[in-house]
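Biologist: I am new to this structure. Could we go through it question by question?

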Amino acid sequence: AEPYFAGNLGSGTATELRSWIEYCNHPAGTELSDERRANGADDPFGITWWGIGNENWGCGGQMAPEYYAEEYCRFRTFAFPFGETPVSAVACGPNSSDWDWTRRFFSQVSQRNRLELVQNFAAHYYCRTAGTATEYTESQWLELLTKAVGIEGIITGHRAIMDEYDPERRIGLIIDEWGTWHPADPERPPRGLYQQNTIRDACVAALSLDLLHNHADKVVMANIAQLINVLQSLLLVEGDRCILTPTYHVFAMYAEHRGGTAVRLVSDADVISTGEDSAEEARHLYLDRRQAQLRRVSGSASVKGDQLVVTAVNAHPSEAVEVELDLRGSSLVAATLVVLSTDDIHDHNTFDTPDRVVPAAAVAIDVNGQFPRFTLPPASIGKVLGTLVG
């Protein structure tokens, strides 16, 4: 992962942005680079990605897209590269399915041939909540997971609008905030956004990562915004204690995809939920107004040399499912399965029970038949790691 710095317009001037980049990336010999060295960092930080503004449609200034586009161009003009580190600027993209923001931003920037000032465009999508962080019904489980798979509509919809202005896809689409957003823990400081993290959040993370993998041709970067204690964090910290959340374990499992090439994975599992009966925000997350569909099993796959990685989610809260892989012209000579699952869909890790939700040990699966098979328990995530032939 490369360093990524994002800031809100209005918190400084365009020349101050230039000064930040110089401080971080200039090797030595200027007042600002020497200040960095005096502060203990002899080598440049090498920050490539610079977010020029953040959520400018909301907390970043309540701006109209045309006004933000003009401010972006002004600030971007002063974002000079220093040393050997190029600047890959990131413009503030939309909140969820705000197609209007994307169209109006690119329409404004396109005037006077300024598209070359935009290298990346960052959208945010929080699937929010259903129930609370730890209290929810099976119906609310399905509601939230259905909203989670709506991230596919955010990806395809905004990329389609961008393609109207950037058909060669020179400008990268980034999803730099995503995940759940439950009511904050009432026993924590107000507005702290501290929330617990259950096996349901793990399934949201896995479904989201699988869809990001499946649309790797459209997305150049994706970041879960919070790491520690806030929203769908990977770690919970209290004093000198730290625990791993179920979302952390999904990221650790899915790290096997890193450096691989995404390959097409199609699930013919039945649809167990759509946005029809859930909250309004679950509807119309696609540009063509169709509804999100949650399949009983979905996933993604990648290859590195002769290594195949398949990750999959059993989204059903109470029923196990047998998964059959059709490798279409290849076969496996050996494969193992790791599963993250629990006995209760509300299970989560606490400081007293930090290992309630952890992946099971890897087990071998039968690859002798034409179609390798394995079972996923209810509400679980699985990872198959295998060696390909053919």
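Biologist: Where is the place of His26?

Modeller: This is a predicted model, in which local features need pLDDT of at least 70, side-chain atom pairs count only at pLDDT 80 or more, and totals for chains, interfaces and linings use all residues. Residues are numbered from 1 along each chain as its sequence is written, and side-chain values use heavy atoms, with hydrogens and water left out. Helices (H or I, at least four residues) and strands (E, at least two) are DSSP runs, numbered from the N terminus. His26 has its place in the loop between α1 (14-25) and α2 (31-38).

Biologist: Is His26 buried or exposed?

Modeller: Buried means under 20% relative accessible area, exposed over 50%, and partly exposed in between (1.4 Å probe, protein chains only). His26 has a relative accessibility of 18%, so His26 counts as buried.

Biologist: Which residues is His26 in contact with, leaving aside its neighbours within four places in sequence?

Modeller: Contact means heavy atoms within 4.5 Å. With those neighbours left aside, the contacts of His26 are Ile21, Ser33, Arg36, Pro44 and Phe82.

Biologist: How many helices and strands does the chain have, and why is the chain called as compact as a globular protein of that length?

Modeller: There are 8 helices and 18 strands in the chain. The radius of gyration is taken over C-alpha atoms, and the globule rule is 2.2 Å times the number of residues to the power 0.38. For 390 residues that rule gives 21 Å, and the chain is as compact as a globular protein of that length because its radius of gyration is close to this, at 22 Å.

Biologist: What share of the residues in the chain is buried?

Modeller: The C-alpha trace spans about 65 × 50 × 45 Å along its principal axes. Of the 390 residues in the chain, the buried share is 51%.

Biologist: Which strands are at the edge of the open sheet of 6 strands?

Modeller: Two strands pair if DSSP finds at least two bridges between them. The order in this sheet is β9-β12-β13-β18-β15-β16, and the pairing is antiparallel. Two of its strands pair on one side only, and these edge strands are β9 and β16 (363-364).

Biologist: Which residue in β18 stands opposite Val313?

Modeller: Strand β13 (residues 307-314) pairs with β18 over 8 bridges, in the antiparallel sense. Opposite Val313 stands Ile381.

Biologist: In strand β17, which residues are on the covered face and which on the uncovered one?

Modeller: Strand β17 (residues 373-376) pairs with β14 (residues 321-324) in the antiparallel sense over 4 bridges. Within that pairing, Arg373 of β17 is the bridge partner of Glu324. The covered face of β17 holds Phe374 and Leu376, and the uncovered one Arg373 and Thr375.

Biologist: How many salt bridges does the count come to?

Modeller: A salt bridge is a side-chain nitrogen of Lys or Arg within 4 Å of a carboxyl oxygen of Asp or Glu. By this rule the count is 21.

Biologist: How many residues apart in sequence are the parts tied together by Lys383 and Glu256?

Modeller: The side chains of Lys383 and Glu256 form a salt bridge at 3.3 Å, N to O. Lys383 lies in strand β18 (residues 380-389) and Glu256 in the loop between α8 (246-254) and β9 (261-263), so the parts tied together are 127 residues apart.
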